[in-house]
Amino acid sequence: MAEILVLAEHQDGEVKKVTGELITLARRFGEPAVVWAGPGAEQGQQRCAEFGAARIYAAEDAVFDDYVVAPTAELLAELVRAKAPALVLIAGTGEGKEIAARLAVKTDSGLLTDAVDVTPDQDGNPVAEQSIFGGSTVVHSRVKRGTPIVAMRPHSVTPEPAPGAAELSPVSLAETADGAKVTGRVVAERGERPDLTEATIVVSGGRGTGGAEGFGIIERLADALGAAVGASRAVTDAGWYPHQFQVGQTGKTVSPQLYMAIGISGAIQHRAGMQTSKTIVAINKDPEAPIFELADFGVVGDLFKVVPQLLDEIGKRKQL
Amino acid sequence: MNIVVCVKQVPDTAAERKLKPSDSTLDRASVDGLINELDEYAIEEGLRIAEAQRETGTEAEVTILSMGPEKAAESIRKALSMGADQAVHLLDDGLAGSDALSTSYALAQVLKETGFDLVICGSESTDARMGVLAAMLAERLGVPQVSLASKVDIDGTAIRIRRVSDDGYHEVEASLPAVISVVEKINEPRYPSFKGIMAAKKKPFRTLSLADAGIDPASVGLAGAGTEVVDFAERPPRQAGVIVKDDGDGGVKVAEFLVAQKFI
Ligand SMILES: Cc1cc2nc3c(=O)[nH]c(=O)nc-3n(C[C@H](O)[C@H](O)[C@H](O)COP(=O)(O)OP(=O)(O)OC[C@H]3O[C@@H](n4cnc5c(N)ncnc54)[C@H](O)[C@@H]3O)c2cc1C
Ligand SMILES: Nc1ncnc2c1ncn2[C@@H]1O[C@H](COP(=O)(O)O)[C@@H](O)[C@H]1O
């Protein structure tokens, strides 16, 4: 059975959820083999095994963390040459896409990004489903040259457990690859709230909140619902809320069970990041706001009246 | 300093974009073309770096490089009117249908010819939304990739950036020549002035064919692409929802909806 290479996303030995998603997808095509770039493979072994990884190619060198993208792409290229996998799956984060890009050049292979699913065609070759033009068109594409490389949009599929040995197989880089050096890392505070891209409920606020102080009402509603907080670009540009919470084309793509857009007009760039949400609720004082075209439920009204009342209602129901 | 900014003309994001049934490529003819919004930030950053260089007495020049159909010349002119010094337009029917792999090959061929100290890309194009070109160019040109920058500092041949990450940012450093890509938080692009628009008409503007640029025709276009579309369909629009006007009970109504949907 052909091997399928899955590049693990991990931090401090902890395997990110998307890796389970990729291993789950890999099982449709062959034997999942995880590629672990950087220290901590042993700590991640158990998680990879739970989703059915047959082995882990572990290159536990600090170079992968210390240099931007290039060493990881080189490691994958060397493994592609040595193992001739039927497919390489990479998380479609900003960095993941760049790794995939360089791997595609190195191996002269076709690359598909932003896939929300990958399924085998009659011959067992991968066909990726992509959602383009801000979600208005669904495309199925395939790779016609080299080793198929697919960058998957995180949280598109549900990770399903399956038994696997996740046998550790140490590997090392044959060629040196460096380039741009990482000299520092700054992690923004998230607090106690769930991760924006993984949350079941996202409550987002826009320019209608009027300022950093007004935006506080979005946080209060999010906390009442156990939700993550999101923001439109108008809000992050104005500095009312940090950039990493921006939802949209140049922010995060989210697809929660419930998305609440409050004081957000629903510009196409914002919609690109949220329109695959299961249920959408909008609160906006302008009945013409395009966000209402997407909303399953909408209230035309002043958010500073509607949201406090909603908070009261949630409070009452919690007491019951 | 030789600064090359890669600019793509894309269909207006606000217009309805469609794939052509004939060959599953983007119908570029039927919608207005604009500079990819993110490339405006790339142009602005290029202009600012050049200005800063000149202030310290170093000569600097900003070249716009764009691959695209005839129409793309409009966007290139706009970039020149913002203040870039000259432009190269890679234009050839053989390029139609190129994917990221073949686009990066074609642009890299041109860059090898123009030479560069710094190549600046947008973080992604609003039509393809791949966000891969800067990485591909760095790989092909064998120079450091200093991408997803929200802040750039250049000191001699040292380049330092803030690279946005999923949960904050990384400080990254490399030395020139390099390829960078910029995110929209980096600056506020200027508008072309009337003087700039007039001046743009006289700036050097080279149009290159595949043959001129030494590009292998078999490696570009639909035939040279590494990927292909199997099929596509427009997604049915979302079902219209219930929109109510707040008559003093809007919050209660939202709560009732959330309870009915089991979110509360
Ligand atoms: C290259 C590029 C990338 C972009 N990427 C993104 C992106 O990733 N994410 C993103 O969000 N945007 C993005 N944008 C920006 C986008 O085009 C919009 O400008 C932005 O989404 C607007 O944010 P907003 O809806 O908060 O503000 P506005 O469009 O100003 O809307 C504010 C809304 O609040 C309503 N309102 C005001 N007061 C109240 C009140 N008291 N009660 C109720 N409602 C009220 C108004 O009726 C209005 O509809 C991008 C743009 C470009 C060019
Ligand atoms: N045809 C093109 N001509 C010039 N630059 C391009 C072209 N396509 C993409 N780019 C550059 O690459 C960046 C990222 O594009 P992409 O990887 O397609 O999302 C853009 O912001 C441009 O700077």
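A polar contact, as I use it here, is a pair of N or O atoms within 3.5 Å; within protein, one must be able to donate a hydrogen and the other to accept it, and residues adjacent in sequence count only if both atoms are side-chain atoms.

I am working from a predicted model, where local features need pLDDT of at least 70, side-chain atom pairs count only at pLDDT 80 or more, and totals for chains, interfaces and linings use all residues. Residues are numbered from 1 along each chain as written, chains are lettered from A and ligands numbered from 1 in the order written, and side-chain values use heavy atoms, without hydrogens and water.

**Entry: ligand 2**

I looked up its polar contacts. A backbone N or O atom of Val7(B) sits 3.4 Å from a nitrogen atom of ligand 2. Asp39(B) brings a polar side-chain atom to 2.4 Å from a ligand 2 oxygen, and a polar backbone atom of Gly131(B) is 2.8 Å from an oxygen of ligand 2. I then checked cover: the protein covers 96% of the 480 Å² of accessible area that ligand 2 has on its own (Shrake-Rupley method, 1.4 Å probe).

I counted 17 residues around ligand 2 (a heavy atom within 4 Å). They divide into 9 nonpolar, 5 polar and 3 charged.

**Entry: ligand 1**

I found ligand 1 between chains A and B. The side chain of Ser265(A) has an N or O atom 2.7 Å from an oxygen of ligand 1, while a backbone N or O atom of Lys285(A) is 3.1 Å from a ligand 1 nitrogen. Taken alone, ligand 1 exposes 990 Å², and the protein buries 83% of that.

Conventions. Ala, Val, Leu, Ile, Met, Phe, Trp, Tyr, Cys and Pro count as nonpolar, Asp, Glu, Lys and Arg as charged, and the others, Gly among them, as polar.
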